[in-house]
Amino acid sequence: MRTQVGIVGAGPAGLLLSHLLALRGIDSVVVEIRSRAYCEARQRAGLLEDGSVRLLREAGLADRLDREGLEHGGIYLQFSGERHHLDFRDLTDGRTVTVYAQTEVVKDLIARRLADGGALEFEVSNTAVSGLDTEAPVLSYTAADGSRQEITCDVIAGCDGFHGICRPAIPAALRTVWEREYPYAWLGILAEAPPATDELIYAHHPTGFALYTMRTMQVSKLYLQVDHDARADDWPEHRIWAALQERFALPGWAVKEGPALDIAITPMRSFVSAPMRYGRLFLAGDASHIVPPTGAKGLNLAIADVSVLADALTGLLLRRDERLIDAYSSTCLARVWRATHFSWWMTTMLHRTPGADPMEAALQLSQLRYVTTSRAAAVTLAENYSGYPPLH
Ligand code: FAD
Ligand code: DHB
(Lines give C-alpha, C1' and ligand atoms only; values in the text may rest on other atoms or scores of the structure.)
(Ligands and ions follow the chains in the order given, each with its own letter.)
Protein backbone atom coordinates (compact mmCIF):
# COMPACT_ATOMS: atom_id res chain seq x y z
CA MET A 1 0.00 0.00 0.00
CA ARG A 2 1.04 3.59 -0.55
CA THR A 3 -0.07 6.96 0.74
CA GLN A 4 1.39 10.44 0.92
CA VAL A 5 1.06 10.95 4.68
CA GLY A 6 0.83 8.08 7.17
CA ILE A 7 -0.78 9.41 10.36
CA VAL A 8 -0.40 7.58 13.67
CA GLY A 9 -3.26 8.36 16.10
CA ALA A 10 -6.87 9.50 15.68
CA GLY A 11 -6.94 12.14 18.41
CA PRO A 12 -7.67 15.76 17.51
CA ALA A 13 -4.17 16.23 16.00
CA GLY A 14 -4.23 13.22 13.65
CA LEU A 15 -7.86 13.62 12.55
CA LEU A 16 -7.60 17.35 11.89
CA LEU A 17 -4.33 16.90 9.99
CA SER A 18 -5.90 14.29 7.71
CA HIS A 19 -8.84 16.64 7.02
CA LEU A 20 -6.62 19.71 6.34
CA LEU A 21 -4.49 17.62 3.96
CA ALA A 22 -7.59 16.26 2.16
CA LEU A 23 -8.77 19.85 1.57
CA ARG A 24 -5.50 20.38 -0.32
CA GLY A 25 -5.79 17.16 -2.27
CA ILE A 26 -3.18 15.25 -0.23
CA ASP A 27 -3.88 11.58 0.66
CA SER A 28 -3.40 10.17 4.11
CA VAL A 29 -4.13 7.04 6.12
CA VAL A 30 -4.89 7.38 9.84
CA VAL A 31 -4.30 4.36 12.11
CA GLU A 32 -5.61 4.24 15.69
CA ILE A 33 -5.21 1.57 18.36
CA ARG A 34 -8.54 2.31 20.07
CA SER A 35 -12.08 1.72 18.79
CA ARG A 36 -14.15 4.52 17.26
CA ALA A 37 -16.56 4.34 20.22
CA TYR A 38 -13.66 4.72 22.69
CA CYS A 39 -12.20 7.74 20.86
CA GLU A 40 -15.63 9.39 20.71
CA ALA A 41 -16.38 8.83 24.40
CA ARG A 42 -13.01 9.88 25.86
CA GLN A 43 -13.61 12.91 28.14
CA ARG A 44 -10.82 15.46 28.02
CA ALA A 45 -10.45 19.17 27.36
CA GLY A 46 -13.28 21.59 26.70
CA LEU A 47 -12.03 25.04 25.80
CA LEU A 48 -11.10 26.36 22.33
CA GLU A 49 -9.08 29.51 21.74
CA ASP A 50 -10.36 32.09 19.26
CA GLY A 51 -7.83 30.98 16.64
CA SER A 52 -8.80 27.30 17.05
CA VAL A 53 -12.47 28.15 16.45
CA ARG A 54 -11.55 30.22 13.41
CA LEU A 55 -9.41 27.42 11.99
CA LEU A 56 -12.17 24.82 12.47
CA ARG A 57 -14.67 27.21 10.86
CA GLU A 58 -12.40 27.89 7.85
CA ALA A 59 -11.92 24.13 7.46
CA GLY A 60 -15.70 23.63 7.24
CA LEU A 61 -15.86 21.77 10.56
CA ALA A 62 -17.84 24.21 12.69
CA ASP A 63 -21.54 23.60 11.92
CA ARG A 64 -22.24 22.00 15.29
CA LEU A 65 -19.56 24.05 17.08
CA ASP A 66 -21.30 27.25 15.92
CA ARG A 67 -24.70 25.92 17.06
CA GLU A 68 -23.73 24.32 20.35
CA GLY A 69 -20.46 25.98 21.46
CA LEU A 70 -20.68 28.41 24.37
CA GLU A 71 -18.74 31.59 23.70
CA HIS A 72 -17.10 33.21 26.73
CA GLY A 73 -15.74 36.73 26.98
CA GLY A 74 -13.70 36.21 30.15
CA ILE A 75 -13.08 34.24 33.31
CA TYR A 76 -13.42 34.74 37.05
CA LEU A 77 -10.46 34.48 39.39
CA GLN A 78 -11.50 33.71 42.97
CA PHE A 79 -9.26 34.06 46.04
CA SER A 80 -9.53 35.33 49.64
CA GLY A 81 -13.33 34.98 49.45
CA GLU A 82 -13.58 37.43 46.48
CA ARG A 83 -14.53 36.71 42.87
CA HIS A 84 -13.07 39.01 40.19
CA HIS A 85 -14.04 39.08 36.50
CA LEU A 86 -11.43 39.48 33.73
CA ASP A 87 -13.08 40.79 30.55
CA PHE A 88 -11.10 39.36 27.61
CA ARG A 89 -13.00 41.33 24.95
CA ASP A 90 -11.91 44.55 26.64
CA LEU A 91 -8.39 43.39 27.55
CA THR A 92 -7.56 42.03 24.06
CA ASP A 93 -8.66 43.10 20.61
CA GLY A 94 -12.12 41.60 21.24
CA ARG A 95 -11.03 37.99 21.56
CA THR A 96 -13.19 35.31 23.21
CA VAL A 97 -12.89 31.58 23.97
CA THR A 98 -15.46 28.86 23.32
CA VAL A 99 -16.51 25.88 25.42
CA TYR A 100 -17.00 22.90 23.09
CA ALA A 101 -15.76 19.56 24.36
CA GLN A 102 -12.80 17.82 22.74
CA THR A 103 -14.94 14.70 22.53
CA GLU A 104 -17.39 16.65 20.28
CA VAL A 105 -14.52 17.95 18.11
CA VAL A 106 -13.35 14.35 17.70
CA LYS A 107 -16.88 13.11 16.81
CA ASP A 108 -17.25 15.88 14.20
CA LEU A 109 -13.84 15.07 12.69
CA ILE A 110 -14.43 11.31 12.50
CA ALA A 111 -17.86 11.82 10.89
CA ARG A 112 -16.41 14.22 8.33
CA ARG A 113 -13.40 12.04 7.44
CA LEU A 114 -15.64 9.01 6.93
CA ALA A 115 -18.22 11.01 4.92
CA ASP A 116 -15.38 12.27 2.68
CA GLY A 117 -14.12 8.69 2.13
CA GLY A 118 -10.99 9.20 4.27
CA ALA A 119 -8.87 6.16 5.20
CA LEU A 120 -9.29 5.76 8.94
CA GLU A 121 -8.53 2.44 10.64
CA PHE A 122 -9.48 1.80 14.25
CA GLU A 123 -8.41 -1.04 16.55
CA VAL A 124 -5.01 -1.60 14.94
CA SER A 125 -2.14 -3.05 16.99
CA ASN A 126 1.66 -3.30 16.87
CA THR A 127 2.05 0.02 15.06
CA ALA A 128 5.66 0.61 13.95
CA VAL A 129 7.49 3.24 11.89
CA SER A 130 10.73 2.70 9.97
CA GLY A 131 12.90 4.26 7.25
CA LEU A 132 12.38 7.68 8.81
CA ASP A 133 15.69 9.00 7.49
CA THR A 134 14.77 8.02 3.91
CA GLU A 135 12.30 9.60 1.48
CA ALA A 136 10.01 6.55 1.73
CA PRO A 137 9.28 5.87 5.42
CA VAL A 138 7.07 2.89 6.22
CA LEU A 139 4.11 2.69 8.60
CA SER A 140 3.26 -0.88 9.59
CA TYR A 141 0.51 -2.26 11.80
CA THR A 142 -1.77 -5.20 12.38
CA ALA A 143 -5.26 -4.33 11.16
CA ALA A 144 -8.43 -5.12 13.15
CA ASP A 145 -8.93 -8.27 11.00
CA GLY A 146 -5.50 -9.58 12.06
CA SER A 147 -3.71 -8.95 8.73
CA ARG A 148 -0.29 -7.29 8.83
CA GLN A 149 -0.15 -4.10 6.72
CA GLU A 150 2.74 -1.99 5.44
CA ILE A 151 2.19 1.46 3.99
CA THR A 152 4.98 3.26 2.17
CA CYS A 153 4.61 7.01 2.71
CA ASP A 154 6.27 10.27 1.72
CA VAL A 155 5.98 11.47 5.31
CA ILE A 156 4.80 10.08 8.66
CA ALA A 157 2.98 12.27 11.18
CA GLY A 158 3.32 11.13 14.80
CA CYS A 159 0.02 12.26 16.35
CA ASP A 160 -0.06 9.37 18.82
CA GLY A 161 -0.11 11.25 22.12
CA PHE A 162 2.27 11.15 25.06
CA HIS A 163 2.43 7.32 25.30
CA GLY A 164 2.77 6.73 21.55
CA ILE A 165 5.51 5.02 19.55
CA CYS A 166 6.62 7.89 17.30
CA ARG A 167 8.58 10.08 19.71
CA PRO A 168 10.68 7.10 20.92
CA ALA A 169 11.44 6.30 17.25
CA ILE A 170 13.66 9.42 17.15
CA PRO A 171 17.18 8.44 18.25
CA ALA A 172 17.55 9.48 21.92
CA ALA A 173 20.87 11.19 21.18
CA LEU A 174 19.09 13.61 18.85
CA ARG A 175 16.34 14.61 21.29
CA THR A 176 16.31 17.03 24.20
CA VAL A 177 13.61 16.62 26.83
CA TRP A 178 12.47 19.12 29.46
CA GLU A 179 10.12 17.70 32.07
CA ARG A 180 8.50 18.73 35.34
CA GLU A 181 5.96 16.76 37.37
CA TYR A 182 3.71 18.63 39.77
CA PRO A 183 3.05 17.23 43.26
CA TYR A 184 -0.73 17.16 42.74
CA ALA A 185 -3.37 15.93 40.27
CA TRP A 186 -6.81 17.02 39.02
CA LEU A 187 -9.99 15.14 39.71
CA GLY A 188 -12.54 16.01 37.01
CA ILE A 189 -16.27 15.44 37.47
CA LEU A 190 -18.73 15.74 34.60
CA ALA A 191 -22.17 16.23 36.15
CA GLU A 192 -25.73 16.49 35.01
CA ALA A 193 -26.29 19.91 36.57
CA PRO A 194 -26.76 23.36 35.02
CA PRO A 195 -23.69 25.56 35.58
CA ALA A 196 -24.25 28.03 38.42
CA THR A 197 -21.94 30.54 36.73
CA ASP A 198 -21.90 32.47 33.44
CA GLU A 199 -18.09 32.27 33.07
CA LEU A 200 -15.42 29.75 34.13
CA ILE A 201 -14.17 30.21 37.71
CA TYR A 202 -10.53 29.53 38.67
CA ALA A 203 -10.39 29.37 42.47
CA HIS A 204 -7.38 29.60 44.77
CA HIS A 205 -8.24 28.21 48.21
CA PRO A 206 -6.19 27.24 51.29
CA THR A 207 -7.29 23.60 50.76
CA GLY A 208 -6.36 23.62 47.05
CA PHE A 209 -7.36 24.75 43.57
CA ALA A 210 -10.77 24.26 41.92
CA LEU A 211 -12.10 25.07 38.43
CA TYR A 212 -15.76 25.44 37.48
CA THR A 213 -16.39 24.93 33.78
CA MET A 214 -19.23 23.54 31.71
CA ARG A 215 -20.19 21.55 28.64
CA THR A 216 -23.75 22.73 27.95
CA MET A 217 -26.38 24.72 29.84
CA GLN A 218 -27.42 21.38 31.41
CA VAL A 219 -24.01 19.76 32.05
CA SER A 220 -21.22 21.13 34.25
CA LYS A 221 -17.58 20.06 34.45
CA LEU A 222 -15.68 20.77 37.63
CA TYR A 223 -12.08 20.06 38.58
CA LEU A 224 -10.53 19.74 42.01
CA GLN A 225 -6.87 19.67 43.03
CA VAL A 226 -6.19 16.28 44.71
CA ASP A 227 -3.03 14.50 45.94
CA HIS A 228 -0.80 13.30 43.11
CA ASP A 229 -1.39 9.67 44.14
CA ALA A 230 -5.16 10.07 44.79
CA ARG A 231 -7.44 7.27 43.54
CA ALA A 232 -11.07 7.65 42.49
CA ASP A 233 -12.06 5.37 45.43
CA ASP A 234 -10.73 8.03 47.84
CA TRP A 235 -13.24 10.48 46.42
CA PRO A 236 -16.89 9.35 46.73
CA GLU A 237 -19.26 11.85 45.17
CA HIS A 238 -20.37 13.44 48.47
CA ARG A 239 -16.71 14.22 49.28
CA ILE A 240 -16.14 15.78 45.83
CA TRP A 241 -19.18 18.07 46.17
CA ALA A 242 -18.27 19.07 49.72
CA ALA A 243 -14.75 20.08 48.59
CA LEU A 244 -16.14 21.98 45.59
CA GLN A 245 -18.68 23.85 47.75
CA GLU A 246 -15.90 24.79 50.18
CA ARG A 247 -13.43 25.99 47.52
CA PHE A 248 -15.97 28.05 45.55
CA ALA A 249 -17.89 29.35 48.61
CA LEU A 250 -19.32 32.87 48.39
CA PRO A 251 -22.19 34.19 50.56
CA GLY A 252 -25.57 33.58 48.87
CA TRP A 253 -24.11 31.43 46.08
CA ALA A 254 -23.57 27.65 45.73
CA VAL A 255 -22.29 25.13 43.20
CA LYS A 256 -25.23 23.29 41.57
CA GLU A 257 -24.84 19.56 42.22
CA GLY A 258 -26.09 16.69 40.08
CA PRO A 259 -25.47 13.03 39.20
CA ALA A 260 -21.93 12.30 37.95
CA LEU A 261 -21.61 11.19 34.32
CA ASP A 262 -17.83 10.68 34.48
CA ILE A 263 -15.11 11.00 37.15
CA ALA A 264 -11.40 10.81 36.26
CA ILE A 265 -8.05 11.77 37.78
CA THR A 266 -5.36 13.37 35.57
CA PRO A 267 -1.69 13.76 36.52
CA MET A 268 -0.07 17.19 36.03
CA ARG A 269 3.08 17.46 33.97
CA SER A 270 5.03 19.90 31.82
CA PHE A 271 7.00 18.11 29.08
CA VAL A 272 8.69 19.28 25.88
CA SER A 273 10.68 17.07 23.51
CA ALA A 274 12.61 18.81 20.72
CA PRO A 275 13.04 18.82 17.82
CA MET A 276 9.56 17.93 16.55
CA ARG A 277 11.01 16.47 13.36
CA TYR A 278 13.39 13.65 12.51
CA GLY A 279 13.93 13.09 8.76
CA ARG A 280 10.48 12.36 7.34
CA LEU A 281 8.80 11.97 10.77
CA PHE A 282 6.94 14.99 12.16
CA LEU A 283 5.49 14.98 15.69
CA ALA A 284 2.38 16.97 16.56
CA GLY A 285 0.34 17.52 19.73
CA ASP A 286 0.82 15.50 22.92
CA ALA A 287 3.32 13.23 21.12
CA SER A 288 5.81 16.06 21.52
CA HIS A 289 4.63 18.20 24.44
CA ILE A 290 2.36 18.14 27.49
CA VAL A 291 1.19 21.07 29.57
CA PRO A 292 -0.65 20.92 32.90
CA PRO A 293 -4.34 21.63 32.12
CA THR A 294 -4.63 24.97 34.01
CA GLY A 295 -5.25 27.43 31.16
CA ALA A 296 -6.57 24.83 28.68
CA LYS A 297 -3.67 24.84 26.24
CA GLY A 298 -3.18 21.11 25.37
CA LEU A 299 -5.89 20.74 22.74
CA ASN A 300 -5.22 24.21 21.29
CA LEU A 301 -1.52 23.41 20.87
CA ALA A 302 -2.38 20.20 19.03
CA ILE A 303 -4.63 22.18 16.66
CA ALA A 304 -1.93 24.84 16.11
CA ASP A 305 0.77 22.22 15.39
CA VAL A 306 -1.24 20.48 12.68
CA SER A 307 -2.26 23.73 11.04
CA VAL A 308 1.46 24.58 10.67
CA LEU A 309 2.20 21.01 9.55
CA ALA A 310 -0.56 20.96 6.92
CA ASP A 311 0.90 24.11 5.31
CA ALA A 312 4.45 22.72 5.51
CA LEU A 313 3.46 19.37 3.96
CA THR A 314 1.55 21.17 1.22
CA GLY A 315 4.80 22.98 0.35
CA LEU A 316 6.78 19.73 0.35
CA LEU A 317 4.32 17.44 -1.43
CA LEU A 318 2.71 19.80 -3.95
CA ARG A 319 5.56 22.21 -4.70
CA ARG A 320 8.72 20.34 -3.63
CA ASP A 321 9.43 23.36 -1.43
CA GLU A 322 11.16 22.32 1.81
CA ARG A 323 11.33 25.73 3.48
CA LEU A 324 8.26 25.27 5.67
CA ILE A 325 9.07 21.71 6.73
CA ASP A 326 12.56 22.88 7.66
CA ALA A 327 11.00 25.60 9.84
CA TYR A 328 8.23 23.31 11.25
CA SER A 329 9.88 22.44 14.55
CA SER A 330 11.06 25.93 15.45
CA THR A 331 7.76 27.53 14.34
CA CYS A 332 5.77 25.20 16.60
CA LEU A 333 8.20 25.27 19.52
CA ALA A 334 7.95 29.05 19.88
CA ARG A 335 4.21 28.69 20.60
CA VAL A 336 4.74 25.51 22.63
CA TRP A 337 7.19 27.25 24.98
CA ARG A 338 4.91 30.28 25.42
CA ALA A 339 2.03 27.93 26.33
CA THR A 340 4.36 25.88 28.55
CA HIS A 341 5.32 28.99 30.48
CA PHE A 342 1.72 30.24 30.72
CA SER A 343 0.40 26.87 31.91
CA TRP A 344 3.18 26.60 34.51
CA TRP A 345 2.46 30.17 35.68
CA MET A 346 -1.31 29.62 36.00
CA THR A 347 -0.72 26.26 37.71
CA THR A 348 1.77 27.51 40.29
CA MET A 349 -0.23 30.69 40.98
CA LEU A 350 -3.40 28.76 41.76
CA HIS A 351 -2.46 25.40 43.37
CA ARG A 352 -1.41 24.64 46.94
CA THR A 353 1.95 22.86 46.96
CA PRO A 354 1.90 20.13 49.64
CA GLY A 355 4.41 21.00 52.37
CA ALA A 356 4.99 24.56 51.12
CA ASP A 357 5.78 27.24 53.68
CA PRO A 358 3.27 30.07 54.41
CA MET A 359 5.29 32.38 52.16
CA GLU A 360 4.04 30.51 49.06
CA ALA A 361 0.37 31.34 49.62
CA ALA A 362 1.23 34.97 50.45
CA LEU A 363 3.16 35.30 47.17
CA GLN A 364 0.34 33.64 45.19
CA LEU A 365 -2.24 35.98 46.70
CA SER A 366 -0.08 38.99 45.89
CA GLN A 367 0.16 37.85 42.27
CA LEU A 368 -3.61 37.23 42.05
CA ARG A 369 -4.28 40.68 43.53
CA TYR A 370 -1.93 42.20 40.91
CA VAL A 371 -3.62 40.37 38.01
CA THR A 372 -7.02 41.62 39.16
CA THR A 373 -5.99 45.24 39.78
CA SER A 374 -3.33 46.04 37.15
CA ARG A 375 -4.56 46.34 33.58
CA ALA A 376 -1.10 45.41 32.29
CA ALA A 377 -1.09 42.17 34.31
CA ALA A 378 -4.68 41.37 33.31
CA VAL A 379 -3.84 41.93 29.64
CA THR A 380 -0.93 39.48 29.96
CA LEU A 381 -3.24 36.77 31.30
CA ALA A 382 -6.02 37.54 28.79
CA GLU A 383 -3.84 37.48 25.68
CA ASN A 384 -2.12 34.26 26.71
CA TYR A 385 -5.39 32.59 27.67
CA SER A 386 -7.34 33.56 24.55
CA GLY A 387 -4.51 32.55 22.20
CA TYR A 388 -1.71 33.99 20.18
CA PRO A 389 -2.65 35.59 16.86
CA PRO A 390 -2.17 34.70 14.13
CA LEU A 391 -2.64 30.98 14.72
CA HIS A 392 -0.52 29.99 11.75
P1 FAD B 1 -4.39 12.42 21.89
O2 FAD B 1 -5.72 13.02 22.07
O3 FAD B 1 -3.76 11.73 23.06
O4 FAD B 1 -4.51 11.39 20.68
C5 FAD B 1 -3.52 10.43 20.40
C6 FAD B 1 -4.18 9.23 19.77
O7 FAD B 1 -3.18 8.30 19.38
C8 FAD B 1 -5.09 8.49 20.73
O9 FAD B 1 -6.36 8.29 20.16
C10 FAD B 1 -4.35 7.19 21.01
O11 FAD B 1 -5.24 6.11 21.28
C12 FAD B 1 -3.60 6.99 19.69
N13 FAD B 1 -2.42 6.14 19.79
C14 FAD B 1 -1.53 6.05 20.82
N15 FAD B 1 -0.56 5.17 20.54
C16 FAD B 1 -0.84 4.68 19.30
C17 FAD B 1 -0.20 3.74 18.46
N18 FAD B 1 0.91 3.10 18.87
N19 FAD B 1 -0.75 3.46 17.26
C20 FAD B 1 -1.87 4.10 16.85
N21 FAD B 1 -2.53 5.02 17.62
C22 FAD B 1 -2.01 5.30 18.82
N23 FAD B 1 -6.18 19.60 27.93
C24 FAD B 1 -6.78 20.72 28.28
O25 FAD B 1 -6.50 21.74 27.66
N26 FAD B 1 -7.73 20.71 29.29
C27 FAD B 1 -8.09 19.56 29.95
O28 FAD B 1 -8.94 19.59 30.83
C29 FAD B 1 -7.46 18.37 29.60
N30 FAD B 1 -7.77 17.19 30.23
C31 FAD B 1 -7.09 16.06 29.86
C32 FAD B 1 -7.36 14.85 30.52
C33 FAD B 1 -6.64 13.68 30.18
C34 FAD B 1 -6.95 12.37 30.90
C35 FAD B 1 -5.64 13.74 29.18
C36 FAD B 1 -4.84 12.50 28.81
C37 FAD B 1 -5.40 14.95 28.52
C38 FAD B 1 -6.11 16.11 28.86
N39 FAD B 1 -5.88 17.32 28.22
C40 FAD B 1 -6.50 18.44 28.57
C41 FAD B 1 -4.96 17.44 27.13
C42 FAD B 1 -5.65 17.36 25.78
O43 FAD B 1 -6.75 16.52 25.86
C44 FAD B 1 -4.59 16.89 24.81
O45 FAD B 1 -3.61 17.91 24.72
C46 FAD B 1 -5.11 16.53 23.44
O47 FAD B 1 -5.86 15.33 23.52
C48 FAD B 1 -3.95 16.32 22.46
O49 FAD B 1 -4.40 15.77 21.26
P50 FAD B 1 -3.50 14.75 20.45
O51 FAD B 1 -4.28 14.43 19.24
O52 FAD B 1 -2.13 15.31 20.32
O53 FAD B 1 -3.32 13.49 21.39
C1 DHB C 1 -11.48 23.25 30.78
C2 DHB C 1 -10.31 22.65 31.13
C3 DHB C 1 -9.24 23.43 31.53
O4 DHB C 1 -8.08 22.87 31.87
C5 DHB C 1 -9.35 24.80 31.60
O6 DHB C 1 -8.30 25.54 32.05
C7 DHB C 1 -10.52 25.40 31.22
C8 DHB C 1 -11.59 24.62 30.80
C9 DHB C 1 -12.64 22.41 30.37
O10 DHB C 1 -12.50 21.18 30.42
O11 DHB C 1 -13.69 22.97 30.06
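The legends below describe several close-up views of a predicted model. Residues are numbered from 1 along each chain as its sequence is written, while chains are lettered from A and ligands numbered from 1 in the order in which they are written. Because the model is predicted, local features need pLDDT of at least 70 and side-chain atom pairs count only at pLDDT 80 or more, whereas totals for chains, interfaces and linings use all residues, and side-chain values use heavy atoms, with hydrogens and water left out.

**View 1. The surroundings of ligand 1.**
Ligand 1 is surrounded by 29 residues, a residue being counted when one of its heavy atoms lies within 4 Å of the molecule, and the closest are Glu-32, Arg-42, Arg-44, Gln-102 and Asp-286. Sorted by class, this shell holds 13 nonpolar, nine polar and seven charged residues, where Ala, Val, Leu, Ile, Met, Phe, Trp, Tyr, Cys and Pro count as nonpolar, Asp, Glu, Lys and Arg as charged, and the others, Gly among them, as polar. Helix H1 (12–23) and helix H8 (298–319) each supply at least two residues of the shell, and H8 gives the most, with three residues. Helices (H or I, at least four residues) and strands (E, at least two) are DSSP runs, numbered from the N terminus.

An oxygen atom of ligand 1 is found 2.6 Å from an N or O atom in the side chain of Glu-32, and an oxygen atom of the ligand is 2.7 Å from an N or O atom in the side chain of Gln-102.

**View 2. Ligand 2 and its shell.**
Around ligand 2 there are 13 residues, of which the closest are Tyr-202, Thr-213, Arg-215, Tyr-223 and Pro-293. The shell divides into nine nonpolar residues, three polar and one charged, and strand E14 (200–203) and strand E15 (210–214) each contribute at least two residues to it. Oxygen atoms of ligand 2 take part in polar contacts with a side-chain atom of Tyr-202 at 2.6 Å, with an N or O atom in the side chain of Tyr-223 at 2.8 Å, and with a backbone N or O atom of Gly-295 at 3.0 Å. The protein covers 98% of the 290 Å² of accessible area that ligand 2 has on its own.

**View 4**
Within it, Glu-68 pairs with Arg-64, the closest N and O atoms being 3.1 Å apart, and both residues lie in helix H4 (residues 63–68), four residues apart, about one turn of the helix. Arg-64 also meets Glu-104 in a salt bridge (2.7 Å, N to O); because Arg-64 lies in helix H4 and Glu-104 in helix H6 (residues 102–115), this pair ties together parts that are 40 residues apart in sequence. Glu-104 is buried, with a relative accessible area of 17%, whereas Glu-68 is partly exposed at 39%; buried means under 20% relative accessible area, exposed over 50%, and partly exposed in between (1.4 Å probe, protein chains only).

**View 3. Arg-247 in helix H7.**
Arg-247 has its place in helix H7 (residues 237–247). The residue is buried yet has no salt bridge, and the nearest side chain of opposite charge, that of Glu-246, is 5.4 Å away; Lys and Arg count as positive and Asp and Glu as negative, while His and the chain ends are not counted. The side chain of Arg-247 does reach the backbone oxygen of Gln-225, at 3.0 Å.

The peptide bond from Ala-274 to Pro-275 is cis, with omega near 0°, and Pro-275 lies in the loop between strand E17 (260–274) and strand E18 (277–278). Ser-80, although not a glycine, has a positive phi of about 50°; Ser-80 belongs to the loop between strand E5 (74–79) and strand E6 (82–87). Ala-296 is likewise not a glycine and has a positive phi of about 60°, in the loop between strand E20 (289–290) and H8.

Methods:
A polar contact is a pair of N or O atoms within 3.5 Å; within protein, one must be able to donate a hydrogen and the other to accept it, and residues adjacent in sequence count only if both atoms are side-chain atoms. Accessible areas come from the Shrake-Rupley method with a 1.4 Å probe; for residues, only the protein chains shown count as cover.
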